[in-house]
Amino acid sequence: MRGPSDFTWRNMAMNDNDDTEDFIMFSSPTHHGKLVDYCLAFNPDDCGQLAADLYCYEKNFGPAVDHAKRRVYDQETLTMDEHSTCSPEDNVCIAFEFIACAVLEQTYSNPAMHEYALDGCLNFGEGCGDDAADEFCRQQGYVEAKAYAMTEADELTMTIGNHAVW
């Protein structure tokens, strides 16, 4: 998975109920090794949702569906827009306690790698199905595959694990 050490969990709504939404939660999110500041820039009009949305978009997710802030006493924060640093020794710094980002879905018809059809196995004869589909999605910046279908190939295919052509 592209991304952060601050990944904590993901809700997987397995139905299309309007009351549920797929999201990924980031606890104490960081950007360039510093806590994400609650504001896009040091301007009180650009705080909260705008900063949370930008964090999610930069991680290839949809907009923030929820977030919370907290006062920071012992670490610097970094704004997402200006990349300005807030130091708690000199300022009142506010960071995100968490940001929950909407998980976007993308359908790939006939996925390919290096002009070869994608093989249904991670490596030749190993990790077929779920493992290969999940790895393809992770390499595209998503968490995992939600669904996939394998068909017989009438051309050479490439495995996503070791890039072998068969």
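The largest pocket comes out at a volume of about 1,100 Å³. A pocket here is an open set of points on a 1 Å grid over the protein atoms alone, with protein on both sides within 12 Å along at least five of seven lines, whereas a cavity is a set of points where a 1.4 Å probe fits but cannot get out. Grid points are joined across faces, edges and corners, and the volume is the space filled by probe spheres set on the points. The lining, meaning residues with an atom within 4 Å of a point, runs to 40 residues, and Tyr108, Pro111, Leu118, Tyr148 and Ala149 are the ones that lie nearest the centre. S10 and H2 are the elements that give two or more residues to this lining, with H2 supplying the largest share, 4 residues. Sorted by class, the lining has 23 nonpolar, 8 polar and 9 charged residues; Ala, Val, Leu, Ile, Met, Phe, Trp, Tyr, Cys and Pro count as nonpolar, Asp, Glu, Lys and Arg as charged, and the others, Gly among them, as polar.

A word on the model. It is a predicted one, in which local features need pLDDT of at least 70 and side-chain atom pairs count only at pLDDT 80 or more, while totals for chains, interfaces and linings use all residues. Residues are numbered from 1 along each chain as its sequence is written, and side-chain values use heavy atoms, with hydrogens and water left out.

The protein chain has 2 helices and 13 strands, taken as DSSP runs (H or I, at least four residues, for helices; E, at least two, for strands) and numbered from the N terminus. Of its 166 residues, 40% are buried, a label for under 20% relative accessible area, against over 50% for exposed and partly exposed in between (1.4 Å probe, protein chains only).

For H1, the buried residues are Ala51, Ala52, Asp53, Tyr55 and Cys56, and their cover includes S2, S3, S4, S5 and strand S8 (93-102). Just after H1, Asn60 takes a positive phi of about 70 degrees.

S8 itself is mostly covered, with 7 of its 10 residues buried. Strands of a sheet pair through backbone hydrogen bonds, either parallel or antiparallel, and a pair is called when DSSP finds at least two bridges between two strands. S8 runs antiparallel to S2, joined by 5 bridges, with Ala100 as the bridge partner of Met25. S8 also pairs with S5 in the antiparallel sense, over 8 bridges, and here Ile99 partners His67.

S5 (residues 64-72) also holds Val72, which is buried at a relative accessible area of 1%. Leaving aside neighbours within four places in sequence, Val72 is in contact with Leu35, Thr77, Pro88, Cys93 and Ala95. With Ala95, the C-alpha to C-alpha distance is 6.5 Å, for a separation of 23 residues in sequence.

Elsewhere, an open sheet of 4 strands is ordered S3-S4-S6-S7, with mixed pairing. S3 (30-31) and S7 (85-86) stand at its edges, each with a single partner strand, so one side of each is left without a neighbour in the sheet. S4 (residues 34-36) and S6 (residues 77-78) run parallel, joined by 2 bridges, and Val36 stands opposite Leu78 in S6.

On to the rings. Those of Phe, Tyr and Trp (its six-membered ring) pair if their centres lie within 6.5 Å, and planes under 30 degrees apart count as stacked, over 60 as edge-to-face and the rest as tilted. The count by this rule comes to 5 aromatic pairs. Phe26 and Tyr55 have ring centres 5.4 Å apart and planes at 80 degrees, so the pair is edge-to-face. This pair links distant parts of the chain, with Phe26 in S2 (residues 23-27) and Tyr55 in H1 (residues 49-58), 29 residues apart. Phe26 is buried at 0% relative accessibility, and Tyr55 is buried with a relative accessible area of 1%. Ring pairs also bring in Phe61, linking Phe26, Tyr55 and Phe61 into a cluster.

Terms used. Contact means heavy atoms within 4.5 Å.
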